[in-house]
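Subject: Structure for you to look at

Hello,

Here is the structure I said I would pass on. Please open it and keep it beside you while you read the notes below.

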Amino acid sequence: MRLSRFFIDAPLSLGIHALPEASAHYISRVLRLSAGAAVQLFDGSGDEYRGELAEVGKKHVNVELREQLRGLPEPMLRIHLGQGLSRGERMDWAIQKATELGATEITPVVSERCEVRLKDERADKRLAHWRQIAISACEQCGRSIIPIIHPPTPLHEWLAIEAELKLVLHPVAEPLSAHQPPATLAFLIGPEGGLTDAEVEQARLSGFRPARLGPRVLRTETAPVVALSLAQQLWGDF
């Protein structure tokens, strides 16, 4: 039987712990788990902890952690995805799938054709929402370390990123297999309207090499799934 697995945003160790209020509410009121239920917790450090719920109340949950083990290793290929900022579920989907596919860092990139503009409190709420999506994806897929979700960043700032290989999707370019295996990869994907020719040229002047995924034009939320899958197949842990 598969263990219920949860991320706890606090340092964990062997012994008895009172879980944070949000986690306690989800376990007791949403999942309705009871005392004695087996659980596996992780705190983003790379370690996992197995144990069982010791006490479950309406507003508090205590867990006894009895076994510490190393979590799933992170991919050797470190990928920083620069994903063009898009609307609602499209952006959620891209972050969820990029997390499942092993992205180390994800930055929503603001470019000319972005239809979404986030400022101040609204941007903070979306960033918290995206981080929770990444956490839920890690709970589901078995990752022990949460990818870093950066705040929305203007394209010209994100282009200064350091990576051994930097790629921007473009329909007229070499396939991914034409490149030598990198240890670090930066991948730029445009928003719903795509990147402008000027932005692709700006990326090229910043050290990005055009790359194509195939003969068809992919949606902005489909492109990271295909791009990261191919990168992991060619150079990562697939």
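Among contacts in the protein chain between residues at least 6 apart in sequence, 71% join residues at least 24 apart; contact means heavy atoms within 4.5 Å. The model is a predicted one, in which local features need pLDDT of at least 70 and side-chain atom pairs count only at pLDDT 80 or more, while totals for chains, interfaces and linings use all residues. Residues are numbered from 1 along each chain as its sequence is written, and side-chain values use heavy atoms, with hydrogens and water left out.

The whole chain

The C-alpha trace of the protein chain spans about 60 × 40 × 30 Å along its principal axes. The secondary structure of the chain comes to six helices and twelve strands. Helices (H or I, at least four residues) and strands (E, at least two) are DSSP runs, numbered from the N terminus. Of the 238 residues, 45% count as buried. Buried means under 20% relative accessible area, exposed over 50%, and partly exposed in between, with a 1.4 Å probe and protein chains only.

Strands of a sheet pair through backbone hydrogen bonds, either parallel or antiparallel. Here five strands form an open sheet with mixed pairing, in the order β1-β3-β4-β5-β2. β1 (4–7) and β2 (15–18) stand at the edges with a single partner strand each, so one side of each is left without a neighbour in the sheet. From one strand to the next the twist averages 35°. Two strands count as paired if DSSP finds at least two bridges between them. Axes are lines fitted to C-alpha atoms, for helices over the stretch in contact, and angles run from 0 to 180 degrees between N-to-C directions.

Strand β3 (residues 38–42) pairs with strand β4 (residues 47–56) in the antiparallel sense, over five bridges. In that pair, V39 stands opposite G51 in β4. Helix α1 (residues 21–30) packs on the sheet, where α1 touches β1, β4 and β5 (61–70), and the direction of α1 makes about 160° with that of β1. β1 and β3 run parallel and are joined by four bridges. F42 of β3 is the bridge partner of F7, and F42 also stands opposite E48 in β4. The hairpin of β3 and β4 has four residues between the strands, and G44 takes a positive phi near 90° there. β3 is mostly covered, with four of its five residues buried.

Q83 lies in strand β6 (residues 78–84). Q83 counts as buried because its relative accessibility is 1%. Leaving aside neighbours within four places in sequence, Q83 is in contact with residues including M91, T107, V109, I189 and T220.

E105 is in strand β7 (residues 105–110). With 21% relative accessibility, E105 counts as partly exposed. Apart from neighbours within four places in sequence, E105 is in contact with I79, H80, L81, I148 and H150. E105 and I148 are 43 residues apart in sequence, but 4.6 Å apart in space, C-alpha to C-alpha.

Helix α5

An α-helix has 3.6 residues a turn, so residues three or four places apart point the same way. In helix α5 (residues 197–205), the buried residues are E199, V200 and A203. Seen down the axis of α5, these residues fall within an arc of 100°, so they line one face of the helix; the arc is that of the directions from the helix axis to the C-beta atoms. The buried residues of α5 pack against α4 (155–158), β10 (165–175) and β11 (184–189). On the face turned away from the buried side, α5 carries the exposed residues D197, A198 and L205. Just after α5, G207 takes a positive phi of about 100°.

The largest pocket

About 570 Å³ of space lies in the largest pocket. On a 1 Å grid over the protein atoms alone, a pocket is an open set of points where a 1.4 Å probe fits, with protein on both sides within 12 Å along at least five of seven lines; lining residues have an atom within 4 Å of a point. Grid points are joined across faces, edges and corners, and a volume is the space filled by probe spheres set on the points. Of the 26 residues that line this pocket, L169, P171, G194, V217 and L218 are the closest to its centre. β10, α5 and β12 (209–212) are the elements that give two or more residues to the lining. The largest share, three residues, comes from β10.

Regards
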